Amino acid sequence: MTIHESYTEAFTRFAETLPAAERTRRSAAFDVFSRDGFPDDGIERWHYTDLQRFGTRTVQLAAGGSSIDFAPWLLDACTTQVWHNGRALNANPQSTTIGTAAYAAHAGLAGLHHAFAQPGLQLALGRDEICAQPLHALTLSSATTDGEMHHLVHRIELARGAQATVILEHAGLPGAERFITQSLTADLEDGAALTLIRVQDEASSTTQWLQTSIKVGRDAKLTIINVDLGGGLIRNDWNVSLLAAGASAALYGLFAADGKTHLDNQYEVDHVAPHGSSRETFRGLGFGKSKAILNGRVVVRPGAVKTD
């Protein structure tokens, strides 16, 4: 597909700020985006969510600043890190080196994401380390001109026996149309436990794609609570791999769509090893001309005996 020249212009300016090696990696990602573009409804998993039109729109990287007041979103008894339009406000600056997830719902969209992405939440816990308080990762968006975009990469690594609760919250201020991509990769080693609470309450002018890929080790436990409350067009791809015996995952989802909101949640749990367990429970409400899509898929690989 033909990509609007503004994507190339934005990437050229962005790439100038990167070290040479990182510029090369991101240029390769941008080349994949230029080749494959955006997904359309001809792809089975994108049958109800066509993003082709975004390829022809004028875009620019969003500006972020420290003037925004994020106090209304702070939570009691939590450690909070905040990003505004992809830029850290109170989190420690991270390297511009961005890894790639093994799973991608669409190669072109993933290429765009990895070409531009900035580091978001970066959590790494050592063996048997327990996070004393829930970690609240707040991403705020605003836009004054149609076509502003930003991109964030989050990563969680829990070593053997580590435990954490993470609240990933996306909130948007009223304003112009904006395009956001975010990704979260997580690795849970043997016996680790992660509770991930994700709350999305973006502006009605927001289009957002979230790609989540989580690997769960032996006897490790994953709990996901996903809540969608706002946004214009929201697409979430969840991929959970239970890689070793005794790994377990519990997925809970709640959505409330109103107006012309379009919510598309795609869940996949992949049982690779024996004696794994998974549960999925979802509830939703729809109002007006809103549309909600929910697809839950469970894969049981050969050899994954006694899967529950």
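**Aromatic pairs in a predicted model**

Q: Is Phe179 buried or exposed, and what is its relative accessible area?
A: In this predicted model, Phe179 has a relative accessible area of 5%, so Phe179 is buried.

Q: And Phe38, what is the value there?
A: Phe38 has 1% relative accessibility, and therefore counts as buried.

Q: How many aromatic pairs does the structure hold?
A: There are 13 aromatic pairs in the structure.

Q: How are the rings of Phe38 and Phe179 arranged?
A: Their centres are 5.8 Å apart and their planes stand at 70°; because planes over 60 degrees apart count as edge-to-face, this pair is edge-to-face.

Q: Which parts does that pair tie together?
A: Phe38 belongs to the loop between α2 (20-36) and β1 (60-61), while Phe179 belongs to strand β8 (residues 178-188), so the pair ties together parts 141 residues apart in sequence.

Q: Which cluster is Phe38 in?
A: Ring pairs link Phe38 and Phe179 into a cluster with Tyr7, Phe11, Phe14, Phe30, Phe33, Phe54 and Phe116.

Q: What sits over the ring of Phe54?
A: The charged end of Arg57 does, 4.7 Å from the ring centre.

Q: On another topic, how do Trp238 and Tyr267 pair?
A: Trp238 and Tyr267 form a stacked pair, with 5.9 Å centre to centre and 10° between the planes. Trp238 lies in strand β12 (residues 233-242) and Tyr267 in strand β14 (residues 262-271), so this pair ties together parts 29 residues apart in sequence.

Q: Are those two buried or exposed?
A: Both Trp238 and Tyr267 are buried.

Terms used: Residues are numbered from 1 along each chain as its sequence is written. This is a predicted model: local features need pLDDT of at least 70, side-chain atom pairs count only at pLDDT 80 or more; totals for chains, interfaces and linings use all residues. Side-chain values use heavy atoms; hydrogens and water are left out. Rings of Phe, Tyr and Trp (its six-membered ring) pair if their centres lie within 6.5 Å; planes under 30 degrees apart count as stacked, over 60 as edge-to-face and the rest as tilted. Helices (H or I, at least four residues) and strands (E, at least two) are DSSP runs, numbered from the N terminus. Buried means under 20% relative accessible area, exposed over 50%, partly exposed in between (1.4 Å probe, protein chains only). A charge sits over a ring if NZ of Lys or CZ of Arg is within 6 Å of the ring centre and within 35 degrees of the ring normal.
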